[in-house]
Amino acid sequence: MQDRKRQLSILFPLVGIAILFVLHIGLGKTMLSPEEVIRALFHDDADGGFRHIVWNLRFPRALIAIAAGMMLGTAGAILQVIMRNPLVEPGLIGASSGAVLMAVLWISYAPNALTEFIPPPFIALLGGLSAVMLVYAMNARQQGNGARLALLGVILTAILQSATSLLLLKNQQGLSTIFLWTFGSLNGRGWSSWSMLWPWAAAGLLLAMRYAREAEVLQLGDTAAQGLGLSVNRDRFILLLIATALTAASVSVVGAIGFIGLIGPHIASLLVGRRPVYLFPASALLAALLLLASDWIGQSLTLRLPFPGMENHVTSLPVGGVTTLLGAPFFLYLLRKALVRK
């Protein structure tokens, strides 16, 4: 009966995504009603201008928001499970900032021949994995101390973000575009970005669901997991690699969007509990819903870029700004609870 309730709980974010997907596509300088959006999506006799706006501009952006949200939500859930720490999320343990730093280094200084041959997600993966492993190693003796792990991640993230800022100051060509990308933005993302993102999303999400059973055994503790025949170190590393790959691939396309990987799994755990077989898909769907909603809010607000030569350029608020405004108070609340318990 309990499993039945959990399965039904997963349907609610699916319905929310479907509704918000239509509303998201209708929002912009050219406002479209839900009827016009549906007509442009499914009827060939729809207005040609509307079809172009929907199919070439807004539809891929909405798909990217959903895919990136699912990737970050699943990554956050995996990290919380394998580290047995509800405060963990990709942006708080260096995965996002490490991926951004390596990607900026690669884009700024690597020869064009190499950048065309080796795509950014591979380079971002290297940076994200290195950062996560460093935080994990520094906290190896106190894995149960959630506040300490979070603080270590915040410190490393600040250092990596400072290094990224220095690199951007030295290489100001295309500064406005890179700035929005490091902050987390879906502005200007289209079918080319989708083609880069979806293979990583599909592979990473499928692998995460494949290893959900192993993650569930890991929750019992290392001794119990070994007693049940699990190769603890190997499976924990595989899950860590999956979470980092999901984060890094998302960062390479939409930038460092924070807190989605924290909020999604927490709401999911309230709905379906902490069993990874239910937590992973629920976290993916809820994080996708949150990111889609955040981008919808961001498009309703405008930002004037302060860069030379672009003073009159106005763009919508980056989605990373919205998620930070939503997630920072949520994280402080969780951190306070963890400190009180200690």
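This note sets out numbered points on the predicted model shown above.

1. Basis of the values. The model is predicted: local features need pLDDT of at least 70, side-chain atom pairs count only at pLDDT 80 or more, and totals for chains, interfaces and linings use all residues. Residues are numbered from 1 along each chain as its sequence is written, and side-chain values use heavy atoms, with hydrogens and water left out.

2. Overall make-up. The protein has 15 helices and 2 strands; helices (H or I, at least four residues) and strands (E, at least two) are DSSP runs, numbered from the N terminus. Of its 342 residues, 54% count as buried. Here buried means under 20% relative accessible area, exposed over 50%, and partly exposed in between (1.4 Å probe, protein chains only).

3. Contact range. A contact is counted when heavy atoms lie within 4.5 Å. Among contacts between residues at least 6 apart in sequence, 76% join residues at least 24 apart.

4. Nonpolar cores. A nonpolar core is a set of buried Ala, Val, Leu, Ile, Met, Phe, Trp, Tyr and Cys residues joined through side-chain atoms within 4.5 Å. The largest such core holds 83 residues, and Ile25, Ile78, Leu79, Ile82, Met83 and Phe280 touch the most other members. Helix α3 (residues 48–82) gives the most to this core, with 16 residues. Another core, of 8 residues, lies apart from the largest one and includes Leu87, Leu92, Leu262 and Phe331.

5. Surroundings of Ile78. Once neighbours within four places in sequence are set aside, Ile78 is in contact with Ala208, Leu239, Ile242, Ala243 and Phe280. Phe280 is itself listed with Ile78 among the residues that touch the most other members of the largest core.

6. The Asp295–Arg61 pair. A salt bridge is a side-chain nitrogen of Lys or Arg within 4 Å of a carboxyl oxygen of Asp or Glu, and by this rule the count comes to 4. One of them joins Asp295 to Arg61, with the closest N and O atoms 2.7 Å apart. Asp295 lies in helix α14 (residues 276–299) and Arg61 in helix α3, so the pair ties together parts that are 234 residues apart in sequence. Asp295 is buried at 0% relative accessibility, and Arg61 is buried at 10%. Beyond its neighbours within four places in sequence, Asp295 is in contact with His24, Arg61, Leu186 and Val319.

7. Two further salt bridges. The side chains of Glu216 and Arg275 meet at 2.9 Å, N to O. This pair links distant parts of the chain, 59 residues apart: Glu216 is in helix α10 (residues 212–218), and Arg275 is in the loop between α13 (260–272) and α14. Arg275 is partly exposed, with a relative accessible area of 26%. Asp235 forms a salt bridge with Arg234, where the closest N and O atoms are 3.3 Å apart. Asp235 is buried, at 1% relative accessible area, whereas Arg234 counts as exposed, at 52%.

8. Nonpolar surface patch. Val15, Ile19, Leu23, Trp296, Ile297 and Leu301 make a nonpolar surface patch of about 510 Å². Patches consist of residues with over 30% relative accessible area and no salt bridge; like charges are joined within 9 Å, and nonpolar side chains (Val, Leu, Ile, Met, Phe, Trp, Tyr) within 5 Å. Helices α1 (2–26) and α14 each supply at least two residues of the patch, and the largest share, 3 residues, comes from α1. Trp296 lies in helix α14 and is partly exposed, with a relative accessible area of 32%.

9. Leu149 lies in helix α7 (residues 146–170) and is buried, at 0% relative accessible area. Not counting residues up to four places away in sequence, Leu149 touches Met83, Asn85, Val88, Val135 and Asn139. Val135 is one of the buried residues of α6, which also include Pro121, Ile123, Leu125 and Leu129. Helix α6 (residues 120–138) has 19 residues and reaches 27 Å from its first C-alpha to its last, close to the 27 Å expected at 1.5 Å a residue; the expected span is 1.5 Å times one less than the number of residues.

Technical notes. Accessible areas come from the Shrake-Rupley method with a 1.4 Å probe; for residues, only the protein chains shown count as cover.
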